[in-house]
Amino acid sequence: MIQLFRDPSFNFIGRRRWAYLISILFILVGVGSMVAKGGLRYGIDFSGGTLIQVRFETPVAVDRIRRALETVQMGDSVIQEFGDAREYLLRLPLAQLSSEEVTRRTQEALAKDSALGKHEIRRVEFVGPQVGRDLQIQALYAVLWSMIGILAYVAIRFDLLGGVASVAAIVHDVLVCLSAMSLTNREMSLAILAAMLTIIGYSVNDTIVAYDRVRENRAKGGRRKGESFEVQINTAINQTLSRTVLTAMTTFLATAILYLFGGKVLEDMAFVLCIGVFTGTYSTIYIAGSLIVDWAGWRDRLVARRKKAVAKA
Amino acid sequence: MRRQLGARIALVVIVVAVSAWYLYPPADTINLGLDLQGGIHLVLGVEVDKAVEAQVERAGDSARAELEKRGIGVTRVERRGTTELVIQLVSPPGWDTVLRTIEEVLPVFDRREADQAAGRVVLALKPGEGANIRELAVRQGLETIRNRVDQFGVAEPSIQQQGENRILVQLPGVQDPARAKALIGKTALLEFKMVDERTEPEAALRTGPPPGTEILYQRRVNKETREERKVPFLVQKKAAITGRDVATARVSIDQNTSEPYVSVDFNASGGRAFADLTDANVGKRLAIVLDGNVHSAPQIRERIPSGRAQITGGFTSDEATDLAIVLRAGALPAPVQVLEERTVGPSLGADSIRQGIIAILASTALVFVFMLFYYRLSGVIADVALGLNLLLLMAIMAGFHATLTLPGIAGIALTIGMAVDTNILIFERIREELRGGKTVRGAIDAGFSRAFKTVVDTHVTVLVAGLILFQFGTGPVKGFAVTLMIGIAVSLFTAVFFTRLVFDLLYMGQRKRETLSI
């Protein structure tokens with residue numbers, strides 16, 4: 001039998017302060033990069049604008065394309081290589097021009113410049129200001145509702161403490177994903193939002209498994225006398241460690257393959273899924289588990305203090 | 001459960017057979033999204049207020065005509081804002097008669113203000129009526145666009161209302177997006193207006209057009225320099241005939257210039273009106289106006305009794321075809337605006353499919369090998385279950401005519417990873433039970449039943465996220481939610497029910513078996 005871990009007994013919870021520190025540091029770096037870059041970058045799904053994907057027959061330099069676009073007063077486009085030097089994304093902010101006009105002018109400018117060779121417009125996306133705003137609001141609602149849904153499920157299935165800890169872990173995962181996106185210069189798009197919602201649903205899985213195990217152990221009466229809540233959670237995490245790591249691994253493998261072979265259009269989405277699967281597993285062990293321990297500890301101390309106060313009186 | 005082996009086997013066989021039947025042949029049964037097969041996705045906003053405004057103006061015109069017929073002098077009738085109508089009267093004789101007449105002619109308006117001294121009445125469209133007009137405008141717009149698309153000849157178009165006043169148009173496989181968009185988005189309001197030749201348009205430009213007239217432009221493109229020139233025309237504000245009177249329209253070729261033009265046939269009443277109009281105005285010019293642009297302004301040489309008009313204007317063959325289509329299908333009741341557009345060329349779609357298939361095959365292979373390596377015979381069972389999962393996923397998509405999109409492919413890849421998770425959960429549990437000293441049979445029983453609760457938990461949370469995503473998503477993202485949810489739901493059948501069945505078949509009779517290939 002091949003086994004990843006043989007009776008693991010890592011002291012995860014005991015090292016939780018380190019985990020908190022690492023998480024906070026990473027998120028701080030991510031938020032810092034967001035601030036330095038003037039906020040999270042929104043793709044046209046949310047910000048509105050026009051995006052044109054164009055493929056040339058031969059490799060072309062960015063400058064050449066910019067010069068061609070300047071002839072039609074579109075020199076302020078964002079021009080980005082997409083995959084290789086033959087394929088580019090041109091992005092224009094919302095302006096007075098309609099999408100037809102933008103496409104027409106682009107086509108005209110690229111056709112006029114003989115040095116660019118033949119080209120093919122492979123994709124045009126235009127999102128008007130109204131739609132962009134609507135999507136932003138809907139996206140926010142979608143994230144909020146899924147958190148509420150999961151909080152409710154875990155709270156009903158286990159207890160409120162577990163629900164709150166799960167949501168805290170989810171918020172952590174979302175922040176880590178956003179940080180990773182900002183650090184790698186990726187834009188927030190609908191597909192990425194989809195990836196994040198999936199991660200929200202996925203991340204809580206492992207938390208539930210560990211939490212369920214705590215309950216099972218208690219029911220079996222496995223709680224030795226004087227065993228603290230901290231030890232119980234740590235035991236449960238260790239007992240479910242193989243499955244946590246294995247399931248994360250298979251999902252991670254699938255998303256990593258998607259990232260590598262799924263093509264440029266899916267790349268960002270696959271990236272967020274990869275990061276999300278990773279941080280989702282990490283946050284189960286460290287964020288959700290640790291928070292439960294810290295909160296329970298704090299609550300116990302509070303109760304004890306009250307009891308003492310009552311006893312004195 | 002153990003005794004129903006036969007029934008369980010039958011169920012699996014039936015499910016597989018039905019799936020295969022739904023799925024065959026895959027190329028025809030799987031509905032590909034626009035991002036995979038190429039095409040146009042358009043969200044159009046219907047400017048419903050414009051429809052209300054037009055209706056209010058028409059009501060004002062008919063009120064004016066009716067009042068004048070009854071001998072009440074009207075100075076002007078004006079629309080104010082979107083829904084208000086201001087009627088200015090010339091020293092009204094009997095105020096009560098005026099108010100009664102107005103009430104009679106304009107039953108759908110509420111009176112806001114009636115100032116006898118000033119001779120002014122202000123009316124406002126009833127709110128319910130406004131809502132009706134808006135609703136009707138969207139519905140008619142939808143119908144008109146559907147007509148145009150049908151005549152344009154697109155295979156399997158989808159045209160639906162979205163929200164209150166948006167129309168979603170999806171045209172798979174359209175090669176020329178600019179043309180399709182022009183065809184769909186054109187208001188196509190055709191009007192025949194008499195040219196006012198008493199005043200020079202240039203003079204009118206300086207002093208403003210005389211009452212009852214307006215200045216419209218004809219765009220003339222110089223074919224050599226491609227320079228555009230705008231020629232002003234002073235025309236009557238009120239259209240003599242509109243596109244509502246058009247019975248049919250088709251493309252013809254001018255024998256002399258061999259240029260295409262659009263020939264319009266009026267219906268009976270339109271034909272009569274046209275005959276009368278041409279009869280009364282021989283020698284004058286008639287402007288043919290489409291969406292506020294003058295197309296041509298030919299001189300009327302004689303009475304035209306045939307009820308047929310020609311629209312010329314240097315069209316290309318495509319332009320003439322499209323104009324004939326929009327005239328046949330009728331005008332949109334209100335202008336539309338492109339709010340969102342996503343066009344994917346066929347070559348990009350083909351690339352995406354190729355890469356998507358590679359990604360799915362590669363991740364399947366990797367997960368297969370991993371499971372085989374880690375769980376040996378049990379891994380093989382899980383692999384078969386995974387294959388079954390993919391088969392059912394595709395069959396359900398085919399059966400429900402769900403659309404496979406590019407993010408949907410990502411959903412499949414993710415399903416591959418998550419579906420085996422269920423097996424891992426169960427297998428790890430069985431191993432644990434074996435380590436705990438249970439017999440093979442006992443460990444299998446305990447493993448499946450203990451893991452089941454956890455499996456349900458994990459499924460529910462992913463489904464919650466999937467449902468919200470489905471609610472929220474548009475096109476491609478919805479496709480992701482669909483594949484993910486189906487894949488996860490199916491894994492309950494494949495990874496739990498099917499795997500259990502195989503375990504039972506393999507190990508049931510062997511009570512004394514001591515080892516398990518897991």
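Chain B of this predicted model splits into three domains: domain 1 (2–38 + 345–507), domain 2 (49–127) and domain 3 (190–314). Chain A is assigned two, namely domain 1 (13–39 + 132–307) and domain 2 (49–127).

| Chain | Pair of domains | Distance between C-alpha centres |
|---|---|---|
| B | domain 2 and domain 3 | 31 Å |
| A | domain 1 and domain 2 | 40 Å |

**Chain B overall**

Chain B holds 14 helices and 19 strands. Its radius of gyration is 35 Å. The globule rule gives 24 Å for 518 residues, and the value for chain B is well over that, so chain B is more spread out than a compact globule. Along the principal axes, its C-alpha atoms fill a box of roughly 110 × 60 × 40 Å. Buried residues make up 43% of the 518 in chain B. Take the contacts in chain B with a separation of 6 or more: 71% of them link residues 24 or more positions apart.

**A sheet built from both chains**

Eight strands form an open sheet with antiparallel pairing. Their order is S2(A)-S3(A)-S1(A)-S4(A)-S18(B)-S2(B)-S8(B)-S7(B). At the edges sit strand S2 (78–82) of chain A and strand S7 (158–162) of chain B, and each pairs on one side only. On average, neighbouring strands are turned by 20° against each other, direction ignored.

S2(A) pairs with strand S3 (residues 84–92) of chain A over five bridges, in the antiparallel sense. Within this part of the sheet, Gln80(A) has Leu89(A) of S3(A) as its bridge partner.

A helix packs on the sheet as well. This is helix H7 (residues 177–185) of chain B. H7(B) touches strand S4 (119–127) of chain A, and also strand S2 (39–46), strand S8 (166–172) and strand S18 (336–344) of chain B. The direction of H7(B) makes about 25° with that of S2(B).

**Where the chains join**

Within the sheet, the chains meet where S4(A) is next to S18(B). These two strands run antiparallel and are joined by five bridges. Strands of a sheet pair through backbone hydrogen bonds.

Glu125(A) lies in strand S4 of chain A. Its bridge partner in S18(B) is Arg342(B). Is Glu125(A) buried or exposed? Glu125(A) counts as buried, because it has 21 C-beta neighbours inside 10 Å, and the cut-off for that class is 20 or more. Apart from neighbours within four places in sequence, its contacts are Ile44(A), Leu51(A), Glu341(B) and Arg342(B). Ala111(A) is 14 residues away along the chain, and the C-alpha atoms of Glu125(A) and Ala111(A) are separated by 20 Å.

**The wider interface**

How many residues of each chain take part in the contact? The count is 56 residues of chain B and 58 residues of chain A. On the chain B side, the elements that give two or more residues are H7, S18, helix H11 (346–399), helix H12 (406–435), helix H13 (440–472) and helix H14 (475–507). H11(B) supplies the largest share, 14 residues. By class, this side of chain B has 34 nonpolar, 14 polar and eight charged residues.

Note on methods. Residues numbered from 1 in each chain as written. Chains lettered and ligands numbered in written order. Predicted model: local features only at pLDDT ≥ 70, side-chain atom pairs only at ≥ 80, totals over all residues. Domains from an automatic or database assignment. Pairing = 2+ DSSP bridges. Helix = DSSP H or I, 4+ residues; strand = E, 2+ residues; numbered from the N terminus. Axes fitted to C-alpha atoms, helices over the stretch in contact; angles between N-to-C directions. Contact = placed C-beta atoms within 7 Å. Nonpolar A, V, L, I, M, F, W, Y, C, P; charged D, E, K, R; others polar. Rg over C-alpha atoms; globule rule 2.2 N^0.38 Å. Buried ≥ 20, exposed ≤ 12 C-beta atoms within 10 Å, placed from the backbone.
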